[in-house]
Amino acid sequence: MYSQLQQRGMDRPPVNVSTLRKMKADKQPIACLTAYDASFAWLVDNAGTDLVLVGDSLGMVVQGHDTTVPVTVDDMIYHSRLVARGLSRSFLVTDMPFMSYTSPEQALENSVRLMQEGAAMMVKLEGGSSQIGIVEYLAMHDIPVCAHLGLKPQSVHKIGGFKVQGRDAEQAQQMAADAKALQDAGADIVLLECVPNEVGKVVTEALDVPVIGIGAGPDVDGQILVLYDVLGITQGRLPRFVRNYMDDHNDIAAAIEAYVADVKNGNYPAPEHCFS
Ligand code: KIV
């Protein structure tokens with residue numbers, strides 16, 4: 001009856017929430033990337049990526065918007081479904097887009113759609129203490145949740161740009177308290193974007209659930225980057241934490257494999273990718 005989930009005897013058993021927790025406990029770095037379609041999902045999965053995020057960054061890197069704000073639930077479902085078809089091992093997390101989780105009921109309805117229509121295994125939402133009730137409600141309904149803290153791109157117009165967060169002590173303490181409260185509310189993963197190394201370290205040590213960082217330094221449990229940044233496709237000024245793996249590799253598969261190996265070996269991020 002449970003054979004689909006257990007996949008006994010498979011060479012590459014699928015990653016699930018327990019695998020990710022065990023990786024944190026065993027101090028095995030978790031390699032994560034975004035993907036937006038089946039072909040790239042296949043490459044990313046094959047390279048050994050543990051977690052694949054269908055990020056609402058697709059609004060910027062696929063749809064050509066300046067921010068993630070215009071992305072809709074239907075957009076996320078469409079891309080999530082494509083990515084799911086390319087994966088065999090990686091754990092699939094899909095973003096809840098801007099204003100799709102303003103009440104517990106709306107959050108539940110949209111996360112159910114992302115899981116049923118988009119084949120997501122977990123949903124990710126941006127938010128601090130204001131989202132605790134939402135996370136609690138989703139967790140109560142057994143919806144796996146990743147809580148995104150630090151730089152929250154959906155709030156770009158409120159915070160006045162894509163900036164490093166948590167640089168002053170009060171903001172850093174608030175972020176650490178929010179992370180703990182979100183875990184206690186039922187979040188299964190915390191994602192930290194664009195924070196000083198020290199904040200990444202403190203939050204990671206304080207939590208039992210895995211902490212995935214993007215521009216959060218080397219001391220988090222896993223790293224994630226936007227795939228198009230890793231492949232040097234993204235136009236314009238790139239954040240400090242980006243490393244273009246096509247600089248040293250001639251083909252896409254080799255570049256993705258090198259990123260995964262660097263995360264696993266602790267070679268990414270290097271000091272030049274970090275904030276103090
Ligand atoms: O939307 C996205 O791709 C993300 C990453 C920046 C982590 O949230």
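Pro269 lies in the segment after helix 12 (252-265), where helices (H or I, at least four residues) and strands (E, at least two) are DSSP runs numbered from the N terminus. A cis peptide bond, with omega of about 0°, joins Tyr268 to Pro269. The model is predicted, so that local features need pLDDT of at least 70 and side-chain atom pairs count only at pLDDT 80 or more, while totals for chains, interfaces and linings use all residues. Residues are numbered from 1 along each chain as its sequence is written, and side-chain values use heavy atoms, with hydrogens and water left out.

Most residues other than glycine have a negative phi, and most peptide bonds are trans. Met99, in the loop between strand 3 and helix 6 (104-116), has a positive phi near 60° without being a glycine. Cys194, which is not a glycine either, has a positive phi of about 55°, and its place is the loop between strand 6 and helix 10 (197-206).

## The barrel

Eight strands close into a barrel in the order 1-2-3-4-5-6-7-8, with parallel pairing; two strands are said to pair if DSSP finds at least two bridges between them. Strands of a sheet pair through backbone hydrogen bonds, either parallel or antiparallel. Strand 3 (residues 91-95) and strand 4 run parallel and are joined by three bridges, and Val93 has Met122 in strand 4 as its bridge partner.

## The largest pocket

The largest pocket holds about 900 Å³ of space. On a 1 Å grid over the protein atoms alone, a pocket is an open set of points with protein on both sides within 12 Å along at least five of seven lines, a cavity is a set of points where a 1.4 Å probe fits but cannot get out, and lining residues have an atom within 4 Å of a point. Grid points are joined across faces, edges and corners, and a volume is the space filled by probe spheres set on the points.

This pocket is lined by 37 residues, and Met60, Phe162, Glu193, Asp229 and Pro239 lie nearest its centre. Among the elements that give two or more residues to this lining are helix 4 (58-61), strand 4 (122-126) and strand 6 (189-193).

## The largest cavity

The largest cavity has about 50 Å³ of space, and the count comes to one cavity of 30 Å³ or more. Its lining includes Leu51, Val93, Lys124 and Cys146, while strand 2 (51-54) and strand 6 each supply at least two residues of that lining. By class, the lining of the cavity has eight nonpolar residues, no polar ones and one charged, where Ala, Val, Leu, Ile, Met, Phe, Trp, Tyr, Cys and Pro count as nonpolar, Asp, Glu, Lys and Arg as charged, and the others, Gly among them, as polar.

## Around the ligand

The residues around the ligand include Thr34, Asp56, Ser57, Lys124 and His148, a residue being near a molecule if one of its heavy atoms lies within 4 Å of it. An N or O atom in the side chain of Ser57 is 2.5 Å from an oxygen atom of the ligand, and for Asp56 the corresponding distance is 3.1 Å. Lys124 has a polar side-chain atom 2.8 Å from an oxygen atom of the ligand.

How values were computed
Polar contact = N/O pair within 3.5 Å; in protein donor to acceptor, adjacent residues only side chain to side chain.
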